[in-house]
Amino acid sequence: STPVEEFPQKLEKPQDIGFVFDIDGVLLKGKKRIVEATDTINYLSKNKIPFILLTNGGGMTEEKRIDFINKTLQLNEYPIHKDQLIQAHTPMKTLIPHHKRVLVCGGPNDDVREVAENYGFEDVIRPIDIIRANPTIWPYHMFSDEQIKNWGKDPKISKVDVDNIDPNENLPIDSVLCFNDSRELGTEIQLILDLLNSENGILGTRRKFKSNKPTIPILFSNNDFLWSNEFKQPRFAMGALKIAVLEIYEKINGEKLDQLTLGKPTKVCYDYAHHILIDWRKIMLGEKTADNICLPQLNDPPIKSPFKKVYMVGDNPESDITGGNNYNWGTILVQTGVYQDGDFERNPETSRPSLGIFPNVKDGVMAALKLNG
Ligand code: G3P
Ligand code: MG
């Protein structure tokens, strides 16, 4: 039998090599752990090798997701810290100083409100709050009376009064933030386009000119078009909502919508992740206190990096690997997730992993350490 490979005993400068892990398909498969992930994370933490998690998923607070990951991977001795996690919507935090009243789209219903409020957005409005205020705004909504009663609320600062276009009674909304996959596509498409074409972000108004620039900004937390569940064929994800919004916006304005999309493989998301990885390294080395992670601005790359090499470890050639390659990080593709043999052949230039394809996360990390040890 072949001997089991193990991690190196000693490394020259462990703090100068960084790892960025995708979650679904690398550390977890659905709600179950990928067993090799436990050894890998324990080894990195024990040896003070900086790492963070970067996922296109979301829909719950970073605390809750990290708790789940720590329990599922059984990381009792070296639990991962919540500040090491970047979900698709985490970078939206940077908007807080200028975006107070925000329409937060996507589900699950209560959880996403909690996430946005937990980030510190002052006045979070959910589509169901607007339906509750006046259902004629989208009469075909599918929320039940019970859901409206349980989930619909008045926002914190001032209630939603869509029947009154006086900006003092119906306060303007500062931006549309699509946090996670829509649970009510019809409602969200109507409300989003109402706001993008409104006068100053006031529901019930309509601006008198056409433009590629929406009245208020819109951000999508990721560009994923499909996701897979128990059903035989993949299902529509947020990318499908984005296509609908872009298409209708262009129909109204005759120009393409100016919008911002986060998530892998976008550079804006890798820049954000790079800042967090650099800062986490400082915290790990005791140069900075924990619970004090930086809040990077969007589209603001780090000026310099202390890392000799950073590796992106992912299961998706088109998001994890393409994003990592474009960012000049080393890339490691694992076979525990969505990747099927030969997948990157469709797009070999951008999605071929630089270090190679490995059966699982442990083999990939070991190969990287051997090369840089
Ligand atoms: O949106 C799909 C989500 O499951 C992807 O997660 O961790 O593979 O980026 P991840
Ligand atoms: Mg994945």
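Below, a colleague asks about the domains, the ligand, the sheets and the helices.

Colleague: What should I know before reading any names or numbers?

Modeller: This is a predicted model, so to speak: local features need pLDDT of at least 70, side-chain atom pairs count only at pLDDT 80 or more, and totals for chains, interfaces and linings use all residues. Residues are numbered from 1 along each chain as its sequence is written, while chains are lettered from A and ligands numbered from 1 in the order in which they are written.

Colleague: How far apart are the centres of domain 1 and domain 2?

Modeller: The domain assignment, which is automatic or from a database, gives domain 1 (14-88 + 265-372) and domain 2 (93-261). Taken over C-alpha atoms, the separation of their centres is 30 Å.

Colleague: And the side of domain 1 that touches domain 2: how many of its residues are nonpolar, polar and charged?

Modeller: Contact here is counted when two C-beta atoms, placed from the backbone, lie within 7 Å. Domain 1 puts in eleven residues and domain 2 puts in 15 residues. For the classes, Ala, Val, Leu, Ile, Met, Phe, Trp, Tyr, Cys and Pro count as nonpolar, Asp, Glu, Lys and Arg as charged, and the others, Gly among them, as polar. On the domain 1 side that comes to five nonpolar, six polar and no charged.

Colleague: Where does ligand 1 lie?

Modeller: Its shell is made of residues whose C-beta atom, placed from the backbone, lies within 6 Å of it: D22, I23, D24, G25, T55, N56, G57, D224, W227 and A237. By class, that shell holds three nonpolar, four polar and three charged residues. Both domains give residues to the shell, so ligand 1 lies between domain 1 and domain 2.

Colleague: Which residue of β14 does Y311 stand opposite?

Modeller: Strand β13 (residues 309-314) is joined to β1 (residues 17-21) by five bridges, and G18 stands opposite V310 there. As for Y311, the residue opposite is G330.

Colleague: How many residues of β14 are buried?

Modeller: Buried means 20 or more other C-beta atoms within 10 Å of a residue's own, exposed means 12 or fewer, and partly exposed is in between, with C-beta atoms placed from the backbone. One face of β14 has G330, I332 and V334, the other has T331 and L333, and all are buried. The strand is largely enclosed by the rest of the structure, because the buried count is five of the five.

Colleague: Why do β7 and β12 each have one side without a neighbour?

Modeller: They belong to an open sheet of five strands, in the order β7-β6-β8-β9-β12 with parallel pairing. β7 (123-125) and β12 (260-261) stand at the edges, so each has a single partner strand.

Colleague: What covers the buried residues of α9?

Modeller: Helix α9 (residues 317-326) has nine of its ten residues buried, including P317, I321 and N325. Among the elements covering them are α8, β13, β14 and α10 (348-351).

Colleague: Last one: how far apart are the axes of α1 and α11?

Modeller: Axes are lines fitted to C-alpha atoms, for helices over the stretch in contact, and angles run from 0 to 180 degrees between N-to-C directions. E36, A37, D39 and T40 of α1 meet V361, K362 and V365 of α11. Helix α1 (residues 35-46) and helix α11 (residues 361-372) make an angle of about 35°, and the distance between their axes is 8 Å.

Conventions. Helices (H or I, at least four residues) and strands (E, at least two) are DSSP runs, numbered from the N terminus. Two strands pair if DSSP finds at least two bridges between them.
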